[in-house]
Amino acid sequence: MTWLVWRQHRVQYLVGAALLAAFAVMIVVTGTQVSDQFHSAQAACAAGQPCQHLGGLFMGSRVVGFLVIATLGTPVLVGLFWGAPLVAAEAEAGTTQFAWMQSVTRKRWLAVKIGWMLLAAVIWGGVISALVTWWASPTNAEQLNQFDPGRFDIMGIVPVGYSVFAVALGVTAGALLRRTLPALAVTLAGFIAARVVITLWLRSHYISAVTTTYNVLGNFTPKGAYWQFASGVLGPNGQQLPQPNNTQYFDNIPQAYLPRACSEVTGPNGGNPTPACVQALSHFHAYLTYQPGDRFWAFQGIETAIFVVLAAALIAVTAVTLLRRDA
Amino acid sequence: MTWLVWRQYRLQFVLGAALLAAFAVLIVITGVQAANQWHAAQAACAASHGCQNLFLGSHAVGFLVISTLGAPVLVGLFWGAPLVAAESEVGTTHFAWMQSVTRKRWLAVKVGWMLLAAVVWGGVITALVTWWEGPNNAQQLDAFNTGRFDITGIVPVAYSVFALALGIAAGALLRRVLPAMAVTLAGFIVVRGVIAFWLRHHYLSPVTVYHSVIRSFTPPGSYWSLASGVLFPNGQPIDQNTNGNVLDGVPVNYLPASCNQVSRGAFTPPPSCTQALAHFRGFLTYQPADRFWTFQGIETGIFLFLAAVLIAVTAVTLLRRDA
Amino acid sequence: MTLVIETSGLTKRYRKVTALNDCTITVPEGRISALIGPNGAGKTTLLRLLAGLSRPTAGQLSVNGGTPRQDPAFLADIGYLGQEIPLYRRLSAEDHIRAGAHLNPRWDSALVRERLTGLKIPRDRAVGKLSGGQRAQVALALVLAKQPRLLLLDEPVAALDPLARRNFLGVLADAVALGNLTVVMSSHLIADLERVCDHLIMVASSRVQLCGDIEELLDEHRVLTGPSKDITAIERSQRVVQATRTPRQTTLLVRLNGPVIDPAFQVSEVSLEELALAYLGEEVPPASAPARLTPVTPGGTTPPYPPEPSAVFGDDR
């Protein structure tokens, strides 16, 4: 059965391996350059030269940077080209009949085919994610933004979860619809919908966010790569002050709400506040709602688990469908 | 023949129309909100001379708008690649070609309607997106930047037509749907990447303006910044990535000691410092905003030309080949 | 005598369409059974139910001593070949042979290779690039290589030329003669079936019309030819399957319920084709019954065509 799976799908696996190899070469070559740049900048900084904020460092070529962002889409590719045709193409061509009339049960046929495909999906997602995470590590160390949506999705272990989910979705769509093109469309739409819903709505609730309040005159930046949800200022009676968009403000407090003691203070950072102003401002509280950086891996684990569970459910649906249905 | 095309592809056309309709509803609703927000903010902003950056529109819809970068390739994958390939795989080309219709006519009618559908697809999406982006563009003036240029104006129509033609050609040459789709996807990404990241810079020679480092230079409108920096007196560009303190883009080790007291913005530099700074020049290489539509036209022309070539290849392949 | 196939009240419904209705048949071991019937009668449905590819809506069936189920041992004993010849179009015959070797406990690769070489069919070319007949040959060779106990074939020789047909049927007969093989094959070409089959299942309008050994069935039926007259007496004493009346003559095909006493009617034996056509509703042409073991009708009219020697049952067995 394994021989048959290889013989049937070897072109797909070879193309996938070739793409991974090409991607790896590009990433490793540019990534080493980026890493060197970063390390020499860091060394100069440590050697006593005044450190420039390395965020301005142009890290990596623009094309590779674009390609790295584009790995947001690589999980769905295996769903489309490996998952959807797995059962659908055979159903369309009628060759399931050939396989199922050999002395191999449908259960075994399905298990071996899906098993190898899932393994291939894990390798696909894992290799790409490993390369991207390594490539982005200087940028991550510098900009501390790996928890943000968009970057979170292309690093760590979640791409493996996405790839496995995409393949499972493709296989299920193919098994239910029995035609390759509709299965492809459903896989694409379903993957995008699931990812969007989970990223934009579910992810922020995995663990309750932390809210820290601090003095408006002070500054608070959490350690590490935290994920910011909201920030703002609370007035003396605890009411939420509006964001100072276009009006004058001081320390993020719109002019309209400033205590009288601070009326001479104008502009974002203009002048030094008088002691009376400082005293009045102590009744204001700034707040920051965020996910601490040390929760990054917990969130990665939770999101991967969600997608793996979804994948398992889909495969169960496929199994029930194929094992019950007439050939 | 037209009836046959409709009967074969009506599901795809209906689905496409449904997607467009859903997208349109979403865009119009959030776009109207964003426009209101912007007008209100503009009024307040103008009144107090301090416009800040606004984010207009919900994050989710903003994401959807960016992702319309991928909308053109969808017609290539789902309408283009199967057009000939699916029939080749199943053998129904024989059915059509053994009716009293020439292959030329069969191809012309099928491709013709599909192209029209691609134009409608690309056109509706870009019209919606361009309208939705109106406030943001007026605010950020980034319509000419790579990424935003690609989703507004008329180029998305050309991308859709190109993707469709690429899909059809791949399907005609490879005769199998899945490989044709893979080739279409890869080919579209490569061509778009090459043109957006390299070719587009050279449609018209960019303009370079030199200015004093003390005063920054911002061209009017939505210009496209290609490169900027500071030059040494001898004309060499200063490496922007080196460490060390800079004043107006010039590393302080090249400036007299009098410049060291200067902190950003609050103090005027002493005359000796100003004099030293005068030897340095800032430069900005850019495409002026009034070239936006010229660039849109050139890029549209390129993609339409590529599409025409691909359709010619398809025609030659199909009309010459044994059935 | 062991029954390889035994069904009782087997029914298959697809939403509103009843493809097979209340089918009760038996097939003893070692038979080559002909499954005949018009298009859409339910032959393919029956074969798929027997193979375990479909599940029945109602009724019981026993194949090789058990219900069709997902069990490697059960699957190994059944060979099934569908009408549409489901092979992987992009894989070669050699690939299929290797696949079969991996997927079956008993597999005779040498047999397939020998057979394909003998038929001059290239083993390394993608099966999709072979002609329809060649594809059919590959599929047949593969299904034989599996060495099953029961072979279910849906129109297996439809794509073959006459010589190839005869050759294949000969191979089948030999394999059955070696023992341990039972065959059920559907076909429209009754002349071919007559050559090798000794059992008959006739299906029409989703129902089983006849099921049994061909010799016995033919023995139970007679063609009665006689003057045009009232046949109610005959209808009462025998089971009339089909009656054809012209102004001068009445021809009846009856299933015997006892000896025919009416002297006005000539009694002659029935051929498989006549039997089939009668049950399937076609008109039996009056003068087409070739006399076999009974004398020529008085008046000296000879049958329109001479009977073929090998068509006389009993010679080839």
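In which sense do S4(C) and strand S8 (residues 182–186) of chain C pair, and over how many bridges? They pair in the parallel sense, over 4 bridges. The legends below describe a predicted model.

**View 1. Strand S4 of chain C and its two partners.** S4(C) covers residues 32–36. On S8(C), C:Val184 stands opposite C:Ser33. S4(C) is also joined to strand S9 (residues 199–204) of chain C. That pairing is parallel too, and 4 bridges make it. Here C:Ser33 has C:His199 as its bridge partner. Strands of a sheet pair through backbone hydrogen bonds, in a parallel or an antiparallel way.

**View 2. The two faces of S4(C).** Is S4(C) largely enclosed or open? It is largely enclosed by the rest of the structure, because 5 of its 5 residues are buried. In a regular strand, side chains alternate between the two faces of the sheet. On one side of S4(C) lie C:Ile32, C:Ala34 and C:Ile36. On the other lie C:Ser33 and C:Leu35. Both faces are covered, and all of these residues are buried.

**View 3. Helices H6 and H7 of chain A.** Two packed helices are described by the angle between their axes and the distance between the axes. H6(A) spans residues 158–177 and H7(A) spans residues 180–202. They pack at an angle of about 140°. Their axes are 8 Å apart. The two helices are therefore oblique to each other. The crossing of H6(A) past H7(A) is right-handed.

**View 4. Residues where H6(A) meets H7(A).** H6(A) brings A:Tyr162, A:Ala166, A:Leu169, A:Gly170, A:Ala173, A:Gly174 and A:Leu177 to this contact. From H7(A) come residues including A:Pro182, A:Val186, A:Gly190, A:Phe191 and A:Arg195. By class, the contact has 9 nonpolar, 5 polar and 1 charged residues.

**View 5. An open sheet in chain A.** The sheet has 3 strands, in the order S1-S5-S2. Its pairing is antiparallel. Which strands form the edges? They are S1 (210–215) and S2 (227–234), each pairing on one side only. From one strand to the next, the twist averages 20°.

**View 6. Strands S2 and S5 of chain A.** S5(A) covers residues 285–291. S2(A) and S5(A) run antiparallel, and 7 bridges join them. One pair to find is A:Trp227, which stands opposite A:Gln291 in S5(A).

**View 7. Where chain A touches chain C.** How many residues does each chain give to the contact? Chain A gives 20 residues and chain C gives 25 residues. On the side of chain A, the elements that give two or more residues are helix H1 (2–46), helix H4 (96–100) and helix H5 (106–143). H1(A) gives the most, with 4 residues. By class, this side of chain A has 9 nonpolar, 7 polar and 4 charged residues.

**View 8. Chain B on its own.** Chain B holds 9 helices and 5 strands. Along the sequence, their pattern is α-α-α-α-α-α-α-β-β-β-β-α-β-α. Chain B has 323 residues, of which 30% count as buried. Of its contacts with a separation of 6 or more, 78% are between residues 24 or more positions apart.

Conventions. Residues are numbered from 1 along each chain as its sequence is written. Chains are lettered from A and ligands numbered from 1 in the order in which they are written. This is a predicted model: local features need pLDDT of at least 70, side-chain atom pairs count only at pLDDT 80 or more; totals for chains, interfaces and linings use all residues. A residue is buried if 20 or more other C-beta atoms lie within 10 Å of its own, exposed if 12 or fewer, and partly exposed in between; C-beta atoms are placed from the backbone. Two residues are in contact if their C-beta atoms, placed from the backbone, lie within 7 Å. Axes are lines fitted to C-alpha atoms, for helices over the stretch in contact, and angles run from 0 to 180 degrees between N-to-C directions. Angles under 35 degrees count as roughly parallel, over 145 as roughly antiparallel, 65 to 115 as roughly perpendicular and the rest as oblique. A crossing is left-handed if the near helix is turned anticlockwise from the far one by less than a right angle, and right-handed if clockwise. Ala, Val, Leu, Ile, Met, Phe, Trp, Tyr, Cys and Pro count as nonpolar, Asp, Glu, Lys and Arg as charged, and the others, Gly among them, as polar. Two strands pair if DSSP finds at least two bridges between them.
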